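Subject: Structure for your review

Dear colleague,

Please find below the structure that I am handing over to you, with its sequence. My notes on what was found in it follow directly after.

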Amino acid sequence: MPRLLPEWHPQDAVQLTWPRRDSDWAPTLPAIEAMLEQLALIISRYQSVIIGVPDRDTGEALSGRLLARGAAPERLRLTVVDADDTWARDHGPLATGDGNGVTFHDLGFNGWGGKFPADRDNTLTRQLKDAGLIACATSDSAVIMEGGALETDGEGTLLTTEACLLNPNRNPSMSRADIETWLAETLGIQRVLWLCHGHLEGDDTDSHIDTLARFCDPQTIAYVRCDDPSDAHYAELAAMERELKALTRADGSPYRLVPLPWPGACHDAEDGHRLPATYANFLIINGAVLVPVYGDRHDLAALDALAGAFPDRDVIPVDASAAIVQHGSLHCLTMQWPQGALAAATTTAEGDRR
């Protein structure tokens, strides 16, 4: 049976969604655009990058800048989309696969439980399909399910949090058993490892797993650890660590756990609320791991820890300071497309690559 593919599965591309000028990013638009541009350049060294842009002028200007900075034109796939926000991890498709190919699952997205507008984001996968970018089979479902809430080992095990998947603001008519059945039937999940603990101040997602604990391979989980008893997160993350230590693989063997350092507190410049900065929000691509950093004294330790978890990949820091002001980071902004998902490029009459 097809299974939810792990992030380290060979990829065709990574999806980004460019911010609109009138979005929540408006006060810091130059900063987030600079970060996304750097991110696109790094990804394009290894594979294609798909960028949904809000209008033709934005796309032409962005393409020109990326090409001037050395991006290979054959690896840039820009297309106009109508979106609410930039968080591709949650409005992008989930992919299952087996030896017979890949399927994209276009699932429901409701703005993290109705917190933010999401009607346009909820149509993004269909827009990309209509633009001719998707080569694989697609399947639609009204079930609300966000990519940031799911971590898989690619072998049928899912790691997630109760706070998100069991939250009544997502699928109020579905019980835990209903969700596990849906995961098994739709995504090929045979075991669900539920974390009861793990919360970050400033988090809008109801504890997405990709800010807390991540599979690096089927045997290894990297996770955030707070060593400061005076920090408000200390007790909750210590409880999460105990949960992780008690987990076992399907064969009963323990996981190799890689603790990630806890960055110094980041606060909003306007009202001072704490922002959910974490090193767990890294992105795995072909041949590399892109790690969010914050200009913090713990950045180097985080890079070293992940270099040990990914010895065969380049470990590349990406300054995520511009993203964290809107309560997300590197992984939240991206969605990988596995090998076999991206259609071959075509050229329109106007000369645009799609």
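Please keep in mind throughout that the model is predicted.

Cavities

How many cavities of 30 Å³ or more does a search of the whole structure find? The search gives six. The largest cavity has a volume of about 220 Å³. Its lining consists of 19 residues, and those nearest the centre are Leu5, Pro6, Glu7, Arg89 and Gln336. Which of the elements supplies the largest share? It is β19, with three residues. By class, the lining of the largest cavity is made up of 10 nonpolar, six polar and three charged residues.

The largest pocket

The structure also has pockets to consider. The largest pocket has a volume of about 350 Å³. It is lined by 21 residues, of which Asp24, Asp85, Trp87, Trp112 and Phe116 are the closest to its centre. The lining of this pocket divides into six nonpolar, six polar and nine charged residues.

An aromatic pair

The structure contains seven aromatic pairs. One of them is formed by Trp25 and Trp87, whose ring centres are 5.7 Å apart. With an angle of 45° between the planes, this pair is tilted. Why does the pair tie together separate parts of the chain? Trp25 lies in the loop between β2 and α1 (29-44), while Trp87 lies in the loop between β4 and α3 (88-91), so the two parts that the pair ties together are 62 residues apart in sequence.

Strand β2 (residues 11-17) and strand β3 (residues 48-53) run parallel and are joined by five bridges. As a position to look up in the model, Thr17 stands opposite Gly52 in β3. You will recall β19 from the lining of the largest cavity, to which it gives three residues.

The three-stranded sheet

Another open sheet is formed by three strands in the order β11-β12-β13, again with mixed pairing. The edge strands here are β11 (213-217) and β13 (256-260), and each pairs on one side only. On average, neighbouring strands of this sheet are turned by 25° against each other, direction ignored. Which way do β12 (residues 220-224) and β13 run, parallel or antiparallel? They run parallel, and five bridges join them. Tyr223 stands opposite Pro259 in β13.

Two helices pack on this sheet. Helix α8 (residues 234-246) touches β11, β12 and β13, and its direction makes about 170° with that of β12. Helix α9 (residues 299-309) also touches β11, β12 and β13, with a direction at about 160° to that of β13.

Yours sincerely,

A colleague

Terms used. Residues are numbered from 1 along each chain as its sequence is written. This is a predicted model: local features need pLDDT of at least 70, side-chain atom pairs count only at pLDDT 80 or more; totals for chains, interfaces and linings use all residues. Side-chain values use heavy atoms; hydrogens and water are left out. Two strands pair if DSSP finds at least two bridges between them. Helices (H or I, at least four residues) and strands (E, at least two) are DSSP runs, numbered from the N terminus. On a 1 Å grid over the protein atoms alone, a cavity is a set of points where a 1.4 Å probe fits but cannot get out, and a pocket is an open set with protein on both sides within 12 Å along at least five of seven lines; lining residues have an atom within 4 Å of a point. Grid points are joined across faces, edges and corners, and a volume is the space filled by probe spheres set on the points. Ala, Val, Leu, Ile, Met, Phe, Trp, Tyr, Cys and Pro count as nonpolar, Asp, Glu, Lys and Arg as charged, and the others, Gly among them, as polar. Axes are lines fitted to C-alpha atoms, for helices over the stretch in contact, and angles run from 0 to 180 degrees between N-to-C directions. Contact means heavy atoms within 4.5 Å. Rings of Phe, Tyr and Trp (its six-membered ring) pair if their centres lie within 6.5 Å; planes under 30 degrees apart count as stacked, over 60 as edge-to-face and the rest as tilted.
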